[in-house]
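Visitor: I'd like to go through this one with you, a piece at a time. Could we start once it is on the screen?

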Amino acid sequence: MSSITTRDVPRGFSASEYMTCLTGIVWREGLRFLHQRERFVSALVRPLVWLFIFAAGFRQVLGISIIPPYETYILYEVFIAPGLMAMIQLFNGMQSSLSMVYDREMGNMRTLLVSPLPRGFLLFCKLLAGTAVSLLQVYAFLIIAWFWDITPPPIGYLTVLPALILSGLMLGSLGMLISSGIKQLENFAGVMNFVIFPMFFASSALYPLWRVQEGSPYLYYVCQANPFTHAVELIRFALYGQINWISLAVVGVCTIVFMIAAIYAYDPSRGLARREPAGGEG
Amino acid sequence: MSSIPRYNDAALPPPPAGEVRTARGQMSRMLLATVLVALTARPAHAFIAYVSNEKSNTVSVIDTDSWTVAKTIKVGQRPRGIEFTRDGKFVMVAIGDDDTIQMIDAKTQAVVDTLPSGPDPELFTQDAAGRTLYVANENDNTVTVIDLEKRARLGDIQVGVEPEGMTISPDGKTLINTSETTNMAHFIDTASRKIVANVLVDARPRFAEFKHDASELWVSSEIGGTVSVIDPNKHAVIGKVNFEIPGLRKEAIQPVGIGMTKDDKTAFVALGPANRIAVVDTATRKVTKYLLVGQRVWHMAFTPDEKYLLTTNGVSNDVSVIDVAAQKVIKTIQVGELPWGITIAP
């Protein structure tokens, strides 16, 4: 790293230097995740509680219609599995952005931002790192779910990977965008409630959208406009080796928009971060 | 199609050195061959299934290769019991409200003839040679015997009230009929056409099925919620299969159709409004798994290779496809209204 800092900034960086930065950030995020065993456990317990307890009570809810990508009747737990996978990523995205607020409060962020590499790249690395961590959590969840008779086709475990990466990036960049506007750690809990819960409940994670439409057509439009719905559907189709093109487009566009907005927001000369000078004590 | 075997052959021995020069060329050639083998391997087991739709008065023809309804045949009022003739040339359908059995030509897929049954025929069975047909007439407590070659009625056998379940022992000597209201399985000697024994089972027996080795007769009781296992020699119930699904009322579990694998090791039992097929280990007579299918599942049929089991789901108007080896429901296909019976071309 020291050799990098002595160079003149305007000169371009080599790919290996970018890689050094990327692996550094991913490695740190991975270490942080592994050292916080409670976080791993809680990341797993949350969806499993939904699966084992909530779904058990609603077992009979479905089984009355066949919704793509499913080709036959399914139990409720099979239906909510992709929603819970997306939930893991949603929480993870918010959590890693929470860690950005923490980093900023503790001053660790300066170490990151002192790197001469473009800020956009640094933030992208951070996003990738968060997504990688969420992948670990999701696959751990899938292994446990397999014993709970949630057995997508074997190829599905592979085809779901790109969908998970994309949705992980989208939710991570959304979290990053939100975190840029938060000055203190304490404020974050409120935002979690205002973002996570509405996003999760007003989506197709827990109930099929035709059911929502039956209850309230307006809520149906809200759900349709919710990018999280499309993240869930993208994962759901990919888990069965199919592509939901609309969801792919929505998630893709949202990822780009959120990411650009987050990078813009973290630019000290513009953006939301400007309000706190030096990005320090808040 | 003629070019395909050529590619297949090419995939097996390594291609001559002069023919394929680069490693990449070889790779793409191998890949092409693999794809072609995969494509040609698929339609090896395409069967045709016929499903009787009780309410829409039709028979749906399902292609088991594409799993789609290929054709819908108009038949008489209230078709229920459906079975292929042994030679695979005709499909016989019991037409309840028209008091007849219609015959569909499997080639032209059109109704070509009728057989004389009694009033309200529901289910029927035939002997191993396919010469004699036995029809349960729900409304007049009789079983009609029909000569399939002459397509003529040979006589009637008086049985219990509301006869339904029909099966014949593998040796063809004993005909079994269950009567829904009398709650009995009647053992009928096919030579004398006389009842030789009656076995009392649980309420509303709907269906009877022999093990292929003839050692046991299984009879499902719709209201009783059980399957009785009967020793056909001693004419006695020797065991019962019970069903229990967490979260479901006992009354919702109504066993009807039974399918037995050729090795007699596994039985599949349709549980009606429980919307499930029970997988039963025939040795222990315990349920090992419940498979979720459509609503009010009634009857079922195996494909001849026993790879798939197709079930008729009356209320949801569809047919579910079960992968027998994996014991998993892989697909559900929309058919006509109130699908009842199903048969697959041999």
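Visitor: In E23(B), which residue is the bridge partner of Ile277(B)?
Guide: The partner of Ile277(B) in E23(B) is Leu291(B). Before going further, please keep in mind that this is a predicted model, in which local features need pLDDT of at least 70 and side-chain atom pairs count only at pLDDT 80 or more, while totals for chains, interfaces and linings use all residues. Residues are numbered from 1 along each chain as its sequence is written, and chains are lettered from A and ligands numbered from 1 in the order in which they are written.

Visitor: How many bridges hold E22(B) and E23(B) together, and in which sense do they pair?
Guide: E22(B) and E23(B) pair in the antiparallel sense over 6 bridges; strands count as paired if DSSP finds at least two bridges between them. The labels are those of DSSP runs, numbered from the N terminus, with helices being H or I runs of at least four residues and strands being E runs of at least two.

Visitor: What about the hairpin of E22(B) and E23(B), which residue there has a positive phi?
Guide: That is Arg285(B), with a positive phi near 60 degrees, in a hairpin that has 4 residues between the strands.

Visitor: Which sheet do E22(B) and E23(B) belong to?
Guide: They are part of an open sheet of 4 strands in chain B, ordered E20-E21-E22-E23, with antiparallel pairing. The edge strands, each pairing on one side only, are E20 (258–260) and E23 (286–292) of chain B. From one strand to the next the twist averages 20 degrees, where angles run from 0 to 180 degrees between N-to-C directions and axes are lines fitted to C-alpha atoms, for helices over the stretch in contact.

Visitor: And how many bridges join E21 to E22 in chain B?
Guide: Strand E21 (residues 266–270) and strand E22 (residues 276–281) of chain B run antiparallel and are joined by 5 bridges, with Val269(B) standing opposite Ala278(B) in E22(B).

Visitor: Moving back along chain B, what joins E5 to E6?
Guide: Strand E5 (residues 90–95) and strand E6 (residues 100–105) of chain B run antiparallel, joined by 6 bridges, and Ile95(B) stands opposite Thr100(B) in E6(B). The two form a hairpin with 4 residues between them, and Asp99(B) in the turn has a positive phi of about 50 degrees. E6(B) is also joined by 5 bridges to strand E7 (residues 110–115) of chain B, again running antiparallel, and that pair forms a hairpin with 4 residues between the strands, in which Gln109(B) in the turn has a positive phi of about 55 degrees.

Visitor: How many helices and strands does chain B have overall?
Guide: Chain B has 2 helices and 28 strands, and 45% of its 346 residues are buried, meaning that 20 or more other C-beta atoms lie within 10 Å of a residue's own, against 12 or fewer for exposed and in between for partly exposed, with C-beta atoms placed from the backbone.

Visitor: Now chain A, how many helices and strands there?
Guide: Chain A has 12 helices and 0 strands, and 39% of its 282 residues count as buried.

Visitor: At what angle do H3 and H6 of chain A pack?
Guide: Helix H3 (residues 37–57) and helix H6 (residues 119–147) of chain A pack at about 40 degrees, with their axes 10 Å apart. They are therefore oblique to each other, a class left over once angles under 35 degrees are called roughly parallel, over 145 roughly antiparallel and 65 to 115 roughly perpendicular.

Visitor: Which residues make that contact?
Guide: On H3(A) they are Ala43(A), Leu44(A), Pro47(A), Leu48(A) and Leu51(A), and on H6(A) they are Gln137(A), Ala140(A), Phe141(A), Ile144(A) and Ala145(A); being in contact requires C-beta atoms, placed from the backbone, to lie within 7 Å.

Visitor: Is Ile235(A) buried or exposed?
Guide: Ile235(A) counts as buried because it has 26 C-beta neighbours inside 10 Å. The residue lies in helix H11 (residues 227–239) of chain A, and its C-alpha atom is separated by 6.0 Å from that of Pro82(A), 153 residues apart along the chain. Leaving aside neighbours within four places in sequence, the contacts of Ile235(A) include Pro82(A), Met85(A) and Val160(A).

Visitor: Last one, how many residues of chain A are in contact with chain B?
Guide: There are 9 residues of chain A in contact with 10 residues of chain B.

Key. Two residues are in contact if their C-beta atoms, placed from the backbone, lie within 7 Å.
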